[in-house]
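Please walk me through this structure in plain terms. I would like to know how its parts are placed and which side chains pair up.

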Amino acid sequence: MDSVRRLSRGIGLHTAHIAAAIHGKDVGGRQHLPSVTYLLPATSLVPTFTCVAPLGTCSSTRHLSDFVAKRPSEMVADSLQSIDAATQSWKPKTKIVPSALPGIYARLTKLKLSGLVVLTTMGGYALAPMASFDWANFGMASLGTALCVASANSLNQWIEIPYDSQMSRTRDRPLVCGDMSPFHAFSVAVVTGACGVGILSMINPIVASLGLANILLYAGVYTPMKRHSIANTWVGSVVGAIPPLMGWAACAGNLSSPAFVLASILFAWQFPHFNALSWKLRPDYSKAGYRMMSVINPTLCKAVALRYSAALIPISLCAPLVGLTDWTFAADSTLINTYITYNAYQFYSKGTDATARKLFFTSLWHLPAIISLLLIHHQFV
């Protein structure tokens, strides 16, 4: 039983499938992580090896009849030995060319996502009360946040190598493809995290503490929790709400009630955004063993998206109450918050890929729109 627990905990157990990750190469020579899936029918035990090929290549499946006579415990032991052997013999597919490093680092740190997070930090900085705009301080806060986000994303990919190999949307990540070694990725995470927190500490201890907390929450709590509890979505939403607090603290040197209103908007926005995104990814999440709301409790997934979309309306109304904006913001924000709530209701009532996609794309422009309105209508506190 201990062996079964090790295998299922490390790679993911879903219904009657036990998946394990080992290393291999496709016909083009590109290194990747194939998935090993044991099919467990009632009458026989025939292991099936399914090659998880990189995007743009074909996959292959073959049955190994020589394993048919083996007992489940022997099959599990064999797979564990394969995993251990693959881990010990892992090496990048090719020697890394220096000119390729920027692209590899961009994929490792999720550059586009990091840019969006930094924009929320910039928004928090611009909304905070200030005597005059300090461009040097603003630049340090933005750079420090970017490095902290890069560290958290790198650690996330370092931890999830075997699980990323099971999912269509993540199997082209640099660690899965062998574009860099796990040690290289971990080193990038440590260096960027240390530099990011170090830069933020030059501003004030509050923003530095928030930067460190974000790395620890994302990589140390949210990432492993994805395989254990649907509460991971709430933890992830806290992670998404921290960057505007970092911007505010970098500028004002404190955290006051307007800052928490801003963070609350970011917190609530995460749910319609992520729940809609995860809806179409249910097969992938299920295959990799992730306990997401969209997989474990689809009804709750839709309800939570609607609940927090609707919550954006009263949360935004708090902005003028605490002096963050004028009262015109209440009217403007209610219009776009009502629209995202309407799309969330459509997603809740129909639960189709089309309504999930509509809600997701609405969330993409909703966040920049709400931040823009905050900047247009904001007043010094």
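**A guided reading of the model**

Ile296 is partly exposed, because its relative accessible area is 40%; here buried means under 20% relative accessible area, exposed means over 50%, and partly exposed lies in between (1.4 Å probe, protein chains only). Ile296 is found in helix α13, residues 293–296. Helices are DSSP runs (H or I, at least four residues), numbered from the N terminus. Between Ile296 and Ser229 there are 67 residues in sequence, yet the C-alpha to C-alpha distance is 9.3 Å in space.

This is a predicted model, in which local features need pLDDT of at least 70 and side-chain atom pairs count only at pLDDT 80 or more, while totals for chains, interfaces and linings use all residues. Residues are numbered from 1 along each chain as its sequence is written, and side-chain values use heavy atoms, with hydrogens and water left out.

Next come the charged pairs. Side chains of opposite charge can pair when their charged atoms come close. A salt bridge is taken as a side-chain nitrogen of Lys or Arg within 4 Å of a carboxyl oxygen of Asp or Glu, and by this rule the count is three salt bridges.

One of them joins Asp179 to Arg107, with the closest N and O atoms 3.0 Å apart. Asp179 lies in the loop between α7 (174–177) and α8, and Arg107 in helix α3 (residues 101–108), so this pair ties together parts that are 72 residues apart in sequence. Asp179 is buried, with a relative accessible area of 10%, whereas Arg107 is partly exposed at 31%.

Another salt bridge is formed by Lys226 and Glu160, whose closest N and O atoms are 2.9 Å apart. This pair links distant parts of the chain, 66 residues apart: Lys226 is in the loop between α9 and α10, and Glu160 is in the loop between α5 and α6 (161–164). Lys226 is buried, with a relative accessible area of 8%, and Glu160 is buried, with a value of 3%.

Arg173 and Asp164 also form a salt bridge, and here the closest N and O atoms are 3.2 Å apart. Both Arg173 and Asp164 are buried.

How do the helices pack? α8 and helix α9 (residues 205–225) pack at an angle of about 160°, with their axes 7 Å apart. That makes α8 roughly antiparallel to α9. The axes are lines fitted to C-alpha atoms, for helices over the stretch in contact, and angles run from 0 to 180 degrees between N-to-C directions. Angles under 35 degrees count as roughly parallel, over 145 as roughly antiparallel, 65 to 115 as roughly perpendicular, and the rest as oblique.

Helix α4 (residues 111–127) and helix α10 (residues 232–252) pack at about 40°, with their axes 7 Å apart. α4 and α10 are therefore oblique to each other.

Last is the surface. Trp158, Ile159, Phe186 and Val190 make a nonpolar surface patch of about 320 Å². Patches are made of residues with over 30% relative accessible area and no salt bridge, with nonpolar side chains (Val, Leu, Ile, Met, Phe, Trp, Tyr) joined within 5 Å and like charges within 9 Å. Accessible areas come from the Shrake-Rupley method with a 1.4 Å probe, and for residues only the protein chains shown count as cover. Ile159 has its place in helix α5 and is partly exposed, with a relative accessible area of 34%.

Note on methods:
Helices (H or I, at least four residues) and strands (E, at least two) are DSSP runs, numbered from the N terminus.
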